[in-house]
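Biologist: I would like to learn how to read this model. Can we take it feature by feature?

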2 protein chains.
Amino acid sequence: MDAAATADGPARRAVLVDQVHEAIKARIMDHAIAPGERVSIDGLARELGVSPTPVREALARLESAQLVVKEPLRGYRTTPLLTPAQLADLYHFRLLIEPWAAATAAERADADGLARLEAELGAADAPESDTYAAYRAFSAHDARFHQLIAELAGSDQVREAFQRTHWHLHIYRQYYDRGIGPQALAEHRRVADAVLARDPAAAGDAMRAHLEQSHARLRPA
Amino acid sequence: MDAAATADGPARRAVLVDQVHEAIKARIMDHAIAPGERVSIDGLARELGVSPTPVREALARLESAQLVVKEPLRGYRTTPLLTPAQLADLYHFRLLIEPWAAATAAERADADGLARLEAELGAADAPESDTYAAYRAFSAHDARFHQLIAELAGSDQVREAFQRTHWHLHIYRQYYDRGIGPQALAEHRRVADAVLARDPAAAGDAMRAHLEQSHARLRPA
DNA sequence: TGCCGGGGAATCCTATAGGATCTTCCGGTC
DNA sequence: GACCGGAAGATCCTATAGGATTCCCCGGCA
C-alpha cells in the first residue's frame with residue numbers, strides 16, 4: 001500500500017462518486033459517448049443505477065479536466081474533437097516540454113528509475129493484433145511511458161501537463177489510425193535507449209522525432 | 001460586462017453553482033481559507049446561505065483545478081503551499097513554454113493584438129501603494145499579461161498551462177513578498193517592447209529574464 | 001502519567017422531491 | 001409551404017432527509 005501510491009493515493013475506492021467518475025471517463029475514452037454528444041445527467045444516473053447527485057459531482061470534475069463542457073441549464077456535452085489546428089497546437093506544446101523531459105531524465109534518473117523504464121518497455125512489446133483491446137493496451141503503455149519520462153526528469157508539472165494532453169489525444173486518435181502501435185513502440189525504444197545510455201542530447205532528439213512522427217500519423221490525410 | 005468575456009463565455013451567471021464556485025475560489029485566493037486548511041462542505045453551505053449540493057459540485061470543479069484536494073469520507077482541504085522544490089519546478093516549466101510564447105507572439109501577433117498588449121501595459125502602471133487592493137490589481141494584470149502573450153502566440157495550450165500555474169503562484173506569493181509590482185511591471189514592459197518591435201529573440205530573452213527574476217523574488221531567503 | 005475504548009456530535013455521502021428551464025411537437029395563421 | 005405560439009414532456013437545478021463514517025472528548029485502566 002506504499003509503492004503503489006504514485007499520484008492517486010492509496011485506496012480512493014470507497015466512495016460512489018469516484019466509481020461514477022471512472023465509469024463516465026471510461027465511456028468517453030472508449031467512445032461509448034461520442035465527442036460532441038450530449039450527456040444527460042439523469043440518463044447517466046439511470047444507466048449506472050445511482051442517483052443524479054454523484055453523477056453531477058463527477059461531471060463537474062470532468063469539466064475542469066476538459067473532457068466535457070457545460071452549458072448552464074442545458075446540460076453537459078463531451079468535448080468536441082480537436083480541429084487540425086488544435087491538434088498542431090497540442091503537439092507543439094508537447095515539443096516544448098517533452099524533449100526537455102527526455103534529456104533531463106537522461107541526466108538525472110537513478111538506477112531504480114532506469115530499471116522501471118526498461119521494465120515498462122519490456123512489458124509492452126509487440127502489439128500485433130489490430131483489435132480494440134490491443135489498442136487500449138498500447139494507449140495505456142503510451143501514457144505510462146511518457147509520464148515515466150517526466151517523472152525521471154523530476155518534474156511534476158511536466159507530468160501533469162502531459163497527462164492532460166494525453167486524454168485529448170486518446171479521444172482523437174481512434175478516429176484516424178489504429179495500426180500505429182509498432183511504430184510508436186520502436187520510437188519509444190529509441191528514446192529509452194538514449195536515456196539508458198545517459199545521452200541527453202540523443203534522448204531529446206529521439207523524443208522530438210517521436211512527437212513529430214506521432215503528429216504526422218494522426219494528421220488527417 | 002462585454003469586454004470582460006474573454007474565455008468564459010458571455011453570461012454564465014444564471015446558475016447558483018457558478019456563483020458558489022467563484023465565491024470559494026475567491027476565498028482561497030484571498031486566504032480567507034489558508035493553504036492546507038480544512039474546508040467543510042456544510043460549513044461553506046451555511047456561510048454562503050445555500051444548500052450543500054452546489055457547494056459539492058463547486059468543490060469537485062476546484063479539485064480538478066488543484067485548488068483543493070479531497071480525502072474521501074473526510075472532506076476537502078485547500079492545496080498546501082508549494083515547497084521550494086515545487087516552486088522551482090513550476091518556474092522551470094514556465095521557462096519551457098513562456099519564452100517561446102513571447103518569441104512567437106513577436107512573430108505572429110496582428111495589429112489588433114499589439115494594440116491590446118499596449119493597452120494592457122498602459123492600464124496597469126504605477127502600483128505604488130503596498131495595500132492588499134493594489135496587490136490584487138497587480139496580480140490580475142499579471143495574469144492578463146501572460147495570457148495575452150500566449151494568445152498572441154496563438155497557443156491555447158500554453159495559455160491554459162500558464163493559467164494553472166498562476167493560481168498556485170498567486171496563493172504562494174502573498175506569503176513572501178508584496179512589493180514586487182514595480183519590478184515585475186518594468187520587466188513586462190521590456191517583454192512588450194520587444195514584441196511590439198517584432199523582435200522574437202529579444203522577446204524570448206526578456207521573458208526568460210522576467211521569469212528568472214520573478215522566481216528569485218519569491219524564493220525564500 | 002500515558003494509553004485505550006466508548007459514546008455523542010459533527011461531517012460526509014447518497015437518495016429523493018419539487019420548482020424552474022429548456023426542448024419538442026403540434027396546430028393555427030399568413 | 002413557411003412561420004409563429006402554446007402545451008406536454010424531459011431535463012436541469014437546488015433543497016432537504018436519512019444512513020454511514022469520522023472526529024473529538026472523556027472516563028477507565030495499566
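Modeller: Keep in mind that the model is predicted. Start with the DNA. Around DNA strand D there are 18 residues, and the closest are Ile41(A), Gly75(A), Leu16(B), Val50(B) and Ser51(B).

Biologist: Which elements give two or more residues to the surface near DNA strand D?

Modeller: Chain A supplies helix H2 (41–48), while chain B supplies helix H1 (16–29) and helix H3 (52–64). By class, that surface has 10 nonpolar, 6 polar and 2 charged residues.

Biologist: Now helix H9 of chain A. How many residues does it have?

Modeller: H9(A) has 19 residues, 200–218. From first C-alpha to last, H9(A) reaches 27 Å, close to the 27 Å expected at 1.5 Å a residue.

Biologist: Which residues of H9(A) are buried?

Modeller: First the general idea. In an α-helix there are 3.6 residues a turn, so residues three or four places apart point the same way. In this case, the buried residues are Ala203(A), Gly204(A), Ala206(A), Met207(A) and His210(A). They cover an arc of only 165° around the axis, so they sit on the same side of H9(A). These buried residues pack against helix H4 (84–108) and helix H8 (181–196) of chain A. On the other side of H9(A), Ala201(A) and Ala216(A) are exposed.

Biologist: What is the phi of His31(A)?

Modeller: Near 65°, a positive value in a residue other than glycine. His31(A) lies in the loop between helix H1 (16–29) and strand S1 (38–39) of chain A.

Biologist: Is Leu73(B) buried or exposed?

Modeller: Leu73(B) is exposed, because 7 other C-beta atoms lie within 10 Å, and 12 or fewer counts as exposed. Its phi is also positive, about 65°, although Leu73(B) is not a glycine.

Technical notes
Residues are numbered from 1 along each chain as its sequence is written. Chains are lettered from A and ligands numbered from 1 in the order in which they are written. This is a predicted model: local features need pLDDT of at least 70, side-chain atom pairs count only at pLDDT 80 or more; totals for chains, interfaces and linings use all residues. A residue is near a molecule or strand if its C-beta atom, placed from the backbone, lies within 6 Å of it. Helices (H or I, at least four residues) and strands (E, at least two) are DSSP runs, numbered from the N terminus. Ala, Val, Leu, Ile, Met, Phe, Trp, Tyr, Cys and Pro count as nonpolar, Asp, Glu, Lys and Arg as charged, and the others, Gly among them, as polar. A residue is buried if 20 or more other C-beta atoms lie within 10 Å of its own, exposed if 12 or fewer, and partly exposed in between; C-beta atoms are placed from the backbone. The expected span of a helix is 1.5 Å times one less than its number of residues. The arc is that of the directions from the helix axis to the C-beta atoms. Two residues are in contact if their C-beta atoms, placed from the backbone, lie within 7 Å.
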